[in-house]
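Here is a short report for a reader meeting this structure for the first time. Please look over the sequence and the model before reading on.

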Amino acid sequence: MEDSGIKILDGKKAVIFDLDGTLIYTPERVLIKTVSIALERTGLPSQLPDKILSFYRGHRWNETLRAWDLNEEDISRFWQNYVDYVENREEDETLIYGDVVDCLKRLKDKKMQLGIVSSCTCNYLERQVRKIGNSLVGNNFFDAYTSVGQYSEQKLADKPSPKGILYILKKIGV
(Lines give C-alpha, C1' and ligand atoms only; values in the text may rest on other atoms or scores of the structure.)
Protein backbone atom coordinates (compact mmCIF):
# COMPACT_ATOMS: atom_id res chain seq x y z
CA MET A 1 0.00 0.00 0.00
CA GLU A 2 1.39 3.41 -1.03
CA ASP A 3 1.84 5.91 1.78
CA SER A 4 -0.28 9.00 1.03
CA GLY A 5 2.34 11.23 2.66
CA ILE A 6 4.91 10.14 0.09
CA LYS A 7 2.46 9.79 -2.83
CA ILE A 8 1.59 13.48 -2.57
CA LEU A 9 5.17 14.16 -3.71
CA ASP A 10 4.74 12.30 -7.01
CA GLY A 11 6.10 14.48 -9.80
CA LYS A 12 8.12 16.60 -7.38
CA LYS A 13 11.91 16.68 -7.54
CA ALA A 14 13.02 17.88 -4.12
CA VAL A 15 12.11 18.27 -0.48
CA ILE A 16 13.83 20.86 1.72
CA PHE A 17 13.74 20.49 5.50
CA ASP A 18 14.50 22.63 8.50
CA LEU A 19 16.72 20.81 10.99
CA ASP A 20 15.84 21.50 14.63
CA GLY A 21 12.29 20.55 15.50
CA THR A 22 11.77 18.86 12.12
CA LEU A 23 14.41 16.14 11.72
CA ILE A 24 16.01 16.27 15.16
CA TYR A 25 15.12 17.55 18.60
CA THR A 26 16.90 18.42 21.79
CA PRO A 27 15.38 17.21 25.07
CA GLU A 28 14.19 20.01 27.38
CA ARG A 29 16.74 19.13 30.07
CA VAL A 30 19.53 19.74 27.54
CA LEU A 31 18.02 23.04 26.40
CA ILE A 32 17.84 24.23 30.02
CA LYS A 33 21.42 23.08 30.69
CA THR A 34 22.75 24.82 27.55
CA VAL A 35 21.23 28.23 28.34
CA SER A 36 22.16 27.92 32.01
CA ILE A 37 25.82 27.23 31.16
CA ALA A 38 25.91 30.10 28.63
CA LEU A 39 24.44 32.50 31.22
CA GLU A 40 26.90 31.30 33.88
CA ARG A 41 29.90 31.65 31.53
CA THR A 42 28.72 35.14 30.64
CA GLY A 43 28.52 36.05 34.34
CA LEU A 44 24.76 36.60 34.20
CA PRO A 45 22.10 35.45 36.64
CA SER A 46 20.43 32.10 36.03
CA GLN A 47 16.81 31.83 34.95
CA LEU A 48 14.00 29.49 35.98
CA PRO A 49 13.53 26.45 33.72
CA ASP A 50 10.16 27.74 32.43
CA LYS A 51 11.79 31.02 31.42
CA ILE A 52 14.60 29.17 29.69
CA LEU A 53 12.16 27.00 27.76
CA SER A 54 10.29 30.14 26.67
CA PHE A 55 13.62 31.28 25.20
CA TYR A 56 13.31 28.48 22.61
CA ARG A 57 9.64 29.01 21.79
CA GLY A 58 8.91 31.36 18.93
CA HIS A 59 12.57 31.91 18.01
CA ARG A 60 12.56 35.50 19.30
CA TRP A 61 15.77 34.84 21.15
CA ASN A 62 17.19 38.34 21.46
CA GLU A 63 13.80 39.74 22.49
CA THR A 64 13.65 37.13 25.25
CA LEU A 65 17.19 38.01 26.37
CA ARG A 66 16.25 41.70 26.49
CA ALA A 67 13.20 40.80 28.58
CA TRP A 68 15.68 39.22 31.03
CA ASP A 69 17.27 42.70 31.26
CA LEU A 70 20.35 41.84 29.21
CA ASN A 71 21.92 44.72 27.33
CA GLU A 72 23.36 44.36 23.81
CA GLU A 73 26.88 43.65 25.07
CA ASP A 74 25.56 40.93 27.41
CA ILE A 75 23.54 39.44 24.55
CA SER A 76 26.59 39.33 22.31
CA ARG A 77 28.68 37.66 25.04
CA PHE A 78 25.83 35.24 25.80
CA TRP A 79 25.72 34.13 22.16
CA GLN A 80 29.49 33.64 22.04
CA ASN A 81 29.30 31.40 25.11
CA TYR A 82 26.18 29.61 23.87
CA VAL A 83 27.71 28.76 20.48
CA ASP A 84 31.04 27.84 22.09
CA TYR A 85 29.28 25.39 24.42
CA VAL A 86 27.11 23.84 21.68
CA GLU A 87 30.06 23.52 19.30
CA ASN A 88 32.44 22.02 21.84
CA ARG A 89 30.38 19.83 24.13
CA GLU A 90 31.70 16.31 24.07
CA GLU A 91 28.38 14.52 23.86
CA ASP A 92 25.81 15.43 21.25
CA GLU A 93 22.51 15.07 23.06
CA THR A 94 20.21 15.79 20.13
CA LEU A 95 17.94 12.98 19.00
CA ILE A 96 16.53 12.03 15.61
CA TYR A 97 12.74 11.89 15.52
CA GLY A 98 11.60 8.26 15.36
CA ASP A 99 10.19 8.15 11.84
CA VAL A 100 12.69 10.48 10.14
CA VAL A 101 15.17 7.87 8.89
CA ASP A 102 12.44 5.69 7.38
CA CYS A 103 10.84 8.72 5.73
CA LEU A 104 14.17 9.86 4.27
CA LYS A 105 14.87 6.35 2.95
CA ARG A 106 11.49 6.27 1.21
CA LEU A 107 12.07 9.71 -0.30
CA LYS A 108 15.49 8.65 -1.60
CA ASP A 109 13.90 5.45 -3.00
CA LYS A 110 11.67 7.78 -5.04
CA LYS A 111 14.84 9.53 -6.32
CA MET A 112 13.93 12.69 -4.44
CA GLN A 113 16.63 15.35 -3.96
CA LEU A 114 16.83 16.29 -0.26
CA GLY A 115 18.13 19.48 1.32
CA ILE A 116 18.27 21.29 4.65
CA VAL A 117 18.14 25.02 5.40
CA SER A 118 18.89 25.83 9.04
CA SER A 119 19.85 28.85 11.12
CA CYS A 120 22.28 26.81 13.25
CA THR A 121 26.06 27.00 12.94
CA CYS A 122 27.73 25.24 10.02
CA ASN A 123 29.63 22.82 12.30
CA TYR A 124 26.48 21.85 14.20
CA LEU A 125 24.59 21.35 10.93
CA GLU A 126 27.33 19.13 9.52
CA ARG A 127 27.42 17.05 12.73
CA GLN A 128 23.66 16.51 12.58
CA VAL A 129 23.72 15.64 8.87
CA ARG A 130 26.41 13.02 9.62
CA LYS A 131 24.39 11.67 12.55
CA ILE A 132 21.28 11.24 10.40
CA GLY A 133 23.36 9.82 7.53
CA ASN A 134 24.99 7.30 9.84
CA SER A 135 21.54 5.80 10.34
CA LEU A 136 21.92 4.44 6.83
CA VAL A 137 25.38 2.88 6.81
CA GLY A 138 27.74 4.62 4.42
CA ASN A 139 25.17 7.01 3.01
CA ASN A 140 24.24 10.63 3.27
CA PHE A 141 20.57 11.32 2.71
CA PHE A 142 21.08 14.98 1.88
CA ASP A 143 22.17 16.31 -1.49
CA ALA A 144 22.75 19.83 -0.13
CA TYR A 145 22.46 21.77 3.09
CA THR A 146 23.28 25.24 4.33
CA SER A 147 23.18 27.52 7.32
CA VAL A 148 21.50 30.89 6.98
CA GLY A 149 21.71 34.07 9.02
CA GLN A 150 24.67 35.01 11.17
CA TYR A 151 26.38 31.62 10.74
CA SER A 152 26.01 31.37 6.97
CA GLU A 153 29.28 30.83 5.11
CA GLN A 154 27.46 32.04 1.99
CA LYS A 155 26.15 35.11 3.87
CA LEU A 156 22.54 34.07 3.18
CA ALA A 157 19.84 36.05 4.95
CA ASP A 158 18.10 34.32 7.87
CA LYS A 159 14.65 32.80 7.63
CA PRO A 160 12.02 33.75 6.58
CA SER A 161 14.06 35.03 3.63
CA PRO A 162 13.80 32.59 0.68
CA LYS A 163 17.53 32.94 -0.10
CA GLY A 164 18.52 29.73 1.72
CA ILE A 165 15.87 27.71 -0.12
CA LEU A 166 16.83 29.22 -3.48
CA TYR A 167 20.50 28.46 -2.75
CA ILE A 168 19.69 24.80 -2.02
CA LEU A 169 17.46 24.44 -5.09
CA LYS A 170 20.25 25.81 -7.28
CA LYS A 171 22.81 23.50 -5.63
CA ILE A 172 20.72 20.39 -6.29
CA GLY A 173 19.79 21.48 -9.80
CA VAL A 174 16.07 21.97 -9.36
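**The chain as a whole**

This is a predicted model. The chain holds eight helices and five strands. Along the sequence they follow the pattern α-β-β-α-α-α-α-β-α-β-α-β-α. Some values for the whole chain are listed here.

| Property | Value |
|---|---|
| Box filled by the C-alpha atoms, along the principal axes | roughly 55 × 30 × 30 Å |
| Buried share of the 174 residues | 40% |

Take the contacts between residues at least 6 apart in sequence: 71% of them join residues at least 24 apart.

**Helices H2 and H3**

Helix H2 spans residues 28–42, and helix H3 spans residues 49–56. Their axes come within 9 Å and cross at roughly 95°. Angles of 65 to 115 degrees count as roughly perpendicular, so H2 is roughly perpendicular to H3. H2 contributes Glu28, Leu31, Ile32, Thr34, Val35 and Ser36 to the contact. H3 contributes Pro49, Ile52, Leu53, Phe55 and Tyr56. The residues of this contact divide into eight nonpolar, two polar and one charged.

**Cys103**

Cys103 lies in helix H6, which covers residues 100–109. Is Cys103 buried or partly exposed? Its relative accessible area is 26%, so Cys103 is partly exposed. Cys103 and Asn140 are 37 residues apart in sequence. In space they are 14 Å apart, C-alpha to C-alpha.

Technical notes
Residues numbered from 1 in each chain as written. Predicted model: local features only at pLDDT ≥ 70, side-chain atom pairs only at ≥ 80, totals over all residues. Heavy atoms only, no water. Axes fitted to C-alpha atoms, helices over the stretch in contact; angles between N-to-C directions. Helix = DSSP H or I, 4+ residues; strand = E, 2+ residues; numbered from the N terminus. Parallel < 35°, antiparallel > 145°, perpendicular 65-115°, else oblique. Contact = heavy atoms within 4.5 Å. Nonpolar A, V, L, I, M, F, W, Y, C, P; charged D, E, K, R; others polar. Buried < 20%, exposed > 50% of the residue type's maximum accessible area, 1.4 Å probe, protein only.
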